[in-house]
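The following account examines a model with the sequence and coordinates at hand. Please consult both while reading.

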Amino acid sequence: MSLRFGERVAVDRLSLEVPGGSVFGLIGPNGSGKTSTLRMLLDLLRPDSGRIEVLGDRRLSRARDRVGYVPEERGLYRRMAVRATLEYFGRLKGASPRELRPRIERWLARMQLADVAGLRVDTLSKGMAQKLQLLTAVIAEPELLILDEPLSGLDPVSADMVGGVLSELRAQGRTILISTHDMAAAERLCDRIAMLFHGRLVLDGTLDEIRDRYATRMARVETDAPNEVLQALPGVAAIVERGRMRDVELKDSPESFLAALVACAGVRHFELVRPSLHDVFVRIAGPGAGDELHD
Amino acid sequence: MTRALVIAATEFRAFVRAKSFWIGLLLPPLIGGLVWLGTWWAASSAVAASARGAHAVRIAVLDRSGSLFGALEIAAAQRNDRLRWVAGNRPVELVKLDPPSSSDEAAFANLGRRIHAGELDAWAEIPADANSSGLAETVPLRVVCPDGFPGEVVEWLERAAQDELRTRALRSSSLPEAVRARLGRTVEAKVEAPPPAPGEARDFAPDPDAAGGFVGRLLAESGPHRKSFIAVPLAMILFLAVTFTAMPLFQAVLEEKSSRVSEILIASVSSTQLMLGKLVGSLAACAIFVAVYVGVLFGLLLLLFGAAIPGHLLALFAVYLLLSLLLWGAIFLALGAACVDAKDAQNLMVPAMLLQTLPVFFMSIIAYDPSGRLARVLSLFPPTAPITMMVRLGADPAPQAVEIALSVALLAATSFTCVWAAGRVLRVGLLASGRSASMREIARWILAR
């Protein structure tokens with residue numbers, strides 16, 4: 001699918017499949033087309049060209065009730081009570097009051113919001129409001145959950161709680177699509193990751209596949225040897241300082257580098273580094289990386 | 001439809017929980033009631049003051065016949081009672097003078113001084129033989145008054161004395177009873193409005209006797225303008241109802257947009273369902289508003305005027321109200337969706353609000369000249385049609401059926417077009433951010449495929 005806003009291309013011939021029952025991460029820098037992609041999936045925006053199928057249905061309006069959505073910028077009625085908010089959004093998704101009543105109590109208890117169930121939303125802390133926002137999406141028990149930055153603004157305890165809820169939902173067979181800038185969260189939560197850059201799909205695979213694809217001969221060392229000595233060792237291409245550690249990019253095998261290092265200096269730590277999602281992101285979207293991709 | 005009703009119920013609750021709704025509901029009738037009571041009190045006070053003779057025409061009467069003064073006094077009381085509701089009328093007060101004990105000249109000179117001193121407005125002398133004069137002879141009634149004395153009072157005094165003398169003459173004549181009765185009959189004018197023209201709406205019939213009091217008589221004597229007593233308040237109720245229930249939709253949508261609820265809403269329901277829900281919610285709030293206002297109007301009319309609101313007027317009011325609410329509800333929803341904050345919103349809101357209030361500015365002109373070109377044009381222009389037509393329906397002549405039908409048809413077509421267009425604006429506008437849309441952009445959203 002493709003989408004343009006005037007002269008600007010927001011999404012460029014994107015072809016993507018989200019496996020059912022998985023947690024799928026959509027990453028990319030600001031303006032890469034993530035939110036536009038999510039909005040097209042939700043039928044909020046219509047693509048200029050292409051075809052979208054959600055939960056096996058090409059008529060997206062029909063799939064609407066089976067999809068839960070949490071936008072990046074949170075939206076709740078400030079003067080509405082917590083319980084009333086859940087009932088309202090649940091009913092908008094077609095759930096009956098009878099179905100909703102036990103679900104609301106269960107989820108409020110699960111997210112530790114039972115004590116504030118009768119309070120107005122504008123009296124909640126930011127973290128509580130975040131959790132409530134997530135509940136507005138899950139209360140109707142959708143088959144597909146689309147979350148835009150679900151962990152932003154949450155403290156570690158709440159983030160773990162939300163992470164636990166997502167794992168629980170995945171275990172129930174629900175599909176979760178997460179758009180995020182938080183690479184650590186994506187690594188922790190997602191089974192599969194896709195990256196958009198300038199509206200194009202530049203990465204799609206499991207975390208292991210991505211790491212393998214972008215793996216370099218990189219060693220992380222803690223040693224007494226100064227940089228000049230390291231640089232002079234055979235097979236060293238570049239050195240990056242990381243606090244006490246230094247990442248050494250190698251041209252040859254790590255074994256010969258390790259042998260040379262041990263021969264000339266004391267070594268307290270040595271490991272072969274696989275690139276993190278953060279590293280991959282920076283390599284793709286960092287300064288100067290765009291040209292390479294466009295080629 | 002169920003989703004739209006869920007939205008409608010939430011909107012309705014939000015409406016009736018807002019302080020502004022209750023202020024809008026209760027304050028205008030309260031102020032209107034106080035103004036009305038004040039006006040009634042002032043008018044009643046003026047009438048009462050008039051009746052007390054604060055400005056009465058005082059005439060001293062020297063009845064040398066010794067038998068006419070009592071009859072004239074009764075005639076004066078009847079006159080005062082009959083004309084007490086006529087603007088500018090001065091009641092007549094007769095003061096009996098005893099025959100002068102000294103010379104007439106001295107007594108007349110004294111009466112002249114009293115006139116100059118303001119104690120009396122005039123004095124009159126009835127001759128001693130007035131009662132015994134033959135029917136063909138003229139009875140000289142002497143009236144002494146200053147310049148500017150109301151001529152109609154002189155005429156009334158003359159007529160009252162003449163009627164009494166004629167009645168007495170007839171009574172003492174030897175004519176048969178039937179002839180005397182016929183000769184003694186009087187003619188009394190009764191002022192009424194002309195019957196409605198064929199096809200014209202039937203006038204309502206106030207019953208001043210049932211209502212009584214100043215307002216009832218005022219209504220009864222207002223003739224062809226009496227329908228305005230109902231139609232103009234109905235027009236104002238329509239204006240207030242639309243203002244208090246359609247305009248908050250703008251604020252509600254703007255708030256949803258700024259708090260980002262709108263994105264979740266249109267991900268859950270279609271923009272048509274969302275708009276329909278909001279319109280139905282505001283319609284329900286409007287129903288409460290109108291029920292209270294029309295109920296009060298109905299009660300006042302029944303209690304004070306002994307009149308009811310004609311069914312056809314009420315039916316047309318309902319039609320115009322519904323279409324007007326759809327029209328302005330859709331417009332304010334669309335404007336709310338097109339704006340990003342209240343400050344930016346002024347650019348779009350001011351023209352819309354001016355357009356909505358336009359017919360109120362012209363209300364008196366429309367009522368004064370209900371068949372004029374301006375009234376006819378405003379009747380066919382959908383944004384101004386409801387209020388204009390309500391005012392015209394209370395005027396004389398009322399608009400013809402074909403004109404009413406055309407006005408309703410144009411308004412209905414425009415209202416449904418606006419609802420359709422607002423749905424399209426809502427769909428795009430609720431997701432738009434950054435700055436408020438211009439009218440050109442809004443038009444592009446509406447016309448986009």
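The expected span of a helix is taken as 1.5 Å times one less than its number of residues. In this predicted model, helix 4 of chain B (residues 104–117) has 14 residues, and at 1.5 Å a residue it should therefore span 20 Å. The C-alpha atoms at the ends of helix 4 of chain B are 20 Å apart, in agreement with that expectation. Directly after helix 4 of chain B comes B:G118, with a positive phi near 90°.

Helix 5 of chain A (residues 126–138) and helix 6 of chain A (residues 156–171) pack with their axes 11 Å apart and at an angle of about 10°. Because angles under 35 degrees count as roughly parallel, helix 5 and helix 6 of chain A are described as roughly parallel to each other. Helix 5 of chain A contributes A:G127, A:Q130, A:K131, A:L134 and A:V138 to the contact, while helix 6 of chain A contributes A:S158, A:V162 and A:L169. By class, the residues of this contact comprise 4 nonpolar, 3 polar and 1 charged. In general, an α-helix has 3.6 residues a turn, so residues three or four places apart point the same way.

The two chains also meet. Their contact draws 18 residues from chain A and 14 residues from chain B. On the side of chain A that touches chain B, helix 3 of chain A (residues 82–92) gives the most, with 4 residues. That side of chain A divides into 9 nonpolar, 3 polar and 6 charged residues.

Key:
Residues numbered from 1 in each chain as written. Chains lettered and ligands numbered in written order. Predicted model: local features only at pLDDT ≥ 70, side-chain atom pairs only at ≥ 80, totals over all residues. Axes fitted to C-alpha atoms, helices over the stretch in contact; angles between N-to-C directions. Helix = DSSP H or I, 4+ residues; strand = E, 2+ residues; numbered from the N terminus. Parallel < 35°, antiparallel > 145°, perpendicular 65-115°, else oblique. Contact = placed C-beta atoms within 7 Å. Nonpolar A, V, L, I, M, F, W, Y, C, P; charged D, E, K, R; others polar.
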